[in-house]
Amino acid sequence: MAKTTATPNRLLGWLPEESRLTLLYFCLIIVIIVGGWEGLKWLGQETNYSLNLGPVQIGLSKTRDLTMPHIRDIIGALGEPAQRNGPPLIQQLTEAALFTFREAFLGFTIGTTLGLLLAIIFAHSRLLQRGLLPYVVASQTIPILALAPMVIIWSDKLGARAMGVPIIAAYLAFFPVVIYALRGLSDVPDTALELMQSYAASRWTILWKLRMQNAVPYIFTALKITAPASVVGAVIGELPSGIQDGLGGQIINFSQYYVSGPPRLWATNLITALLGIGFFVAVAVAERFVVRWKYADTIFNRIFVDPVINLFVGIPPLFTSRSTDKKKK
Amino acid sequence: MTTVISIENLDKIFESRDGNTVHALKDINLEVEQGEFVSLIGPSGCGKSTLLRLIADLIEPTSGHLMINGLSPRQARLHRQYGFIFQNATLYEWRTVIKNVQLPLEVMNYSRRERDERARQMLELVELSDFANHYPWQLSGGMQQRVSIARALAFEPNLLLMDEPFGALDEMTRERLNNELLAIWRTISSMTVVFVTHNISEAVYLSSRVVVMSPRPGQIVDIVDIDLPRPRTPETMDSDHYFHLISQVRHLLREAH
């Protein structure tokens, strides 16, 4: 049963009321951020970069164009070429983003696979879990910035130069998968397990038909953390490796020439963020197709509506979508 | 008559980690013949569920003998001799209704055609054909339990072990499912049912025999033959003999306490 609103919005009428509301909040927050940013800059300019409040003086020098470029300049920089006779910055950054995405996706895939394998091993052997899990946790306490140069050098020496960056991305990606998948594999109701025992099911069958299925929603939660993290991993991996083709190379480049064009670095960061967000949304859409049983809704909702909610609210609207869809007769 | 379950001097003692022991079952002797409907009744803690789980080889006895169709419980389980029904329906939420019914058939490597065919038959039997492609959360508790009955019957075990299957349902739904269960039991000749409950009228209405148990340690107090005529219908519940049997079971339970 779809709720009918009194005055359907003509532009966004196709969206459920709830999604329209989240969209509204999203836009509102953009307005607040942009307004706050530009408002602060305006205040700085008006007060000659020092706000005099009687006994207190607040320095506003950070609001100068060098540290806080105008939003319109950041957006505008995307349309202009970064080098003379070069392509517009947006094209250059899109190519770099695709390059970085390939590395990130490879790392994401390796990390997920490795994480799943470890979780399966841990779920079946308490001994191995106790022995190895502390090291898995310890691995995440080493700053990735300290590790990245070593990984790059090692993979170079081993003749697998192209694998250096994906390995760093995988290093960030595998950890949430281990933790969440392990929980999903072990958090099986006793009776669900006894049911399998009553069928004299093999360990393999129990793993495949019960534990893995039970873990799927947990794994997707991990993947939503992992997707943006693998982009960060790839960018950080590019920094010490001297790879020029990705977003990491662009960031280094534009920070070296920051003084001559601050908006370019900001624009690069914007594109990097969009890449991470895009990857997250892709995972969220995939989740709606795989974890079908929780929603039982239309393909349209799966592709368009729920990722919107997913992205803006951060969690799948588990219960709300249930109540709005067809219920038992 | 062939004996389906034979239990001799069965004891079960649970040992907790801190060294405490609970004597759950003591000196249980019971024979169940093929085609019987036997209920185990008693207050909570009397070990009736424990006894059912021992038969199902979900736990192991401390001492005594237990045979199912002439096999050890382990062998009987490995040969898929029984279907087990839990108090909560224990449907897999990621499977549609029909896929849930097909689960044992998948585990037991039935062909795809046979899986489809049998699952459809079973859903017809529990009158849920229209809900084949629904997910469990879309069904009521009573409907979910009917799916779990269909699932247990899908591979045609000749022994059905039911652990308070209708305990969580309201009285009206419970009565309806009792009648449906009796209808199914009539259809599948030679099927034996062991039914755990703490509901006296339910036990009397369904069973050929009611096994009355006492708590700590769980022991069989008495076995009451239910000689009400079959088929049992809602009219059965109005007969004097039905009331008489109910008070007989109630008195036994009270004495045992």
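pLDDT is the predictor's confidence in each residue, on a scale from 0 to 100. This is a predicted model, in which local features need a pLDDT of at least 70, side-chain atom pairs count only at pLDDT 80 or more, and totals for chains, interfaces and linings use all residues. Residues are numbered from 1 along each chain as its sequence is written, while chains are lettered from A and ligands numbered from 1 in the order in which they are written.

**Stop 1: confidence along chain A**

Colour chain A by pLDDT. The average for chain A is 85, and 85% of the residues score at least 70. Helices (DSSP runs of H or I, at least four residues) and strands (E, at least two) are numbered from the N terminus. Where pLDDT is low, the predicted coordinates should not be read in detail.

**Stop 2: helices 9 and 10 of chain A**

Two packed helices are described by the angle between their axes and the distance between the axes. Axes are lines fitted to C-alpha atoms, for helices over the stretch in contact, and angles run from 0 to 180 degrees between N-to-C directions. Select helix 9 (residues 247-256) and helix 10 (residues 262-290) of chain A: their axes lie 9 Å apart at an angle of about 160°. Angles under 35 degrees count as roughly parallel, over 145 as roughly antiparallel, 65 to 115 as roughly perpendicular and the rest as oblique. Helix 9 and helix 10 of chain A are therefore roughly antiparallel to each other. The crossing of helix 9 of chain A with helix 10 of chain A is left-handed (the near helix is turned anticlockwise from the far one by less than a right angle; clockwise would be right-handed).

Show side chains for the contact: helix 9 of chain A supplies L247(A), Q250(A), I251(A), F254(A) and S255(A), and helix 10 of chain A supplies R264(A), L265(A), T268(A), I271(A) and T272(A). Ala, Val, Leu, Ile, Met, Phe, Trp, Tyr, Cys and Pro count as nonpolar, Asp, Glu, Lys and Arg as charged, and the others, Gly among them, as polar. On that basis the contact of helix 9 with helix 10 of chain A has 5 nonpolar, 4 polar and 1 charged residues.

**Stop 3: helices 5 and 8 of chain A**

Move to helix 5 (residues 144-157) and helix 8 (residues 203-241) of chain A, whose axes come within 9 Å and cross at roughly 60°. That angle makes helix 5 of chain A oblique to helix 8 of chain A. This crossing of helix 5 past helix 8 of chain A is right-handed. From helix 5 of chain A, the contact includes P149(A) and I152(A); from helix 8 of chain A, it includes G233(A), G237(A) and P240(A). The residues of this contact between helix 5 and helix 8 of chain A divide into 8 nonpolar, 3 polar and no charged.

**Stop 4: G184(A)**

Select G184(A), which is placed in helix 6 (residues 164-186) of chain A. A residue is buried if 20 or more other C-beta atoms, placed from the backbone, lie within 10 Å of its own, exposed if 12 or fewer, and partly exposed in between. With 23 such neighbours, G184(A) counts as buried. Not counting residues up to four places away in sequence, G184(A) touches N214(A), A215(A), Y218(A) and I219(A). The C-alpha atoms of G184(A) and Y218(A) are 5.6 Å apart, although the two are 34 residues apart in sequence.

**Stop 5: the side of chain B that touches chain A**

Here 20 residues of chain B are in contact with 16 residues of chain A. On the chain B side, helix 2 (73-78) and helix 3 (97-107) each give two or more residues. This side of chain B has 12 nonpolar, 4 polar and 4 charged residues.

**Stop 6: backbone details in chain B**

Finish with R80(B), in the loop between helix 2 and strand 5 (82-85) of chain B, where phi is near 50°. R80(B) is partly exposed, with 16 other C-beta atoms within 10 Å. A cis peptide bond joins R216(B) and P217(B), with omega about -10°.

Definitions and conventions: Two residues are in contact if their C-beta atoms, placed from the backbone, lie within 7 Å.
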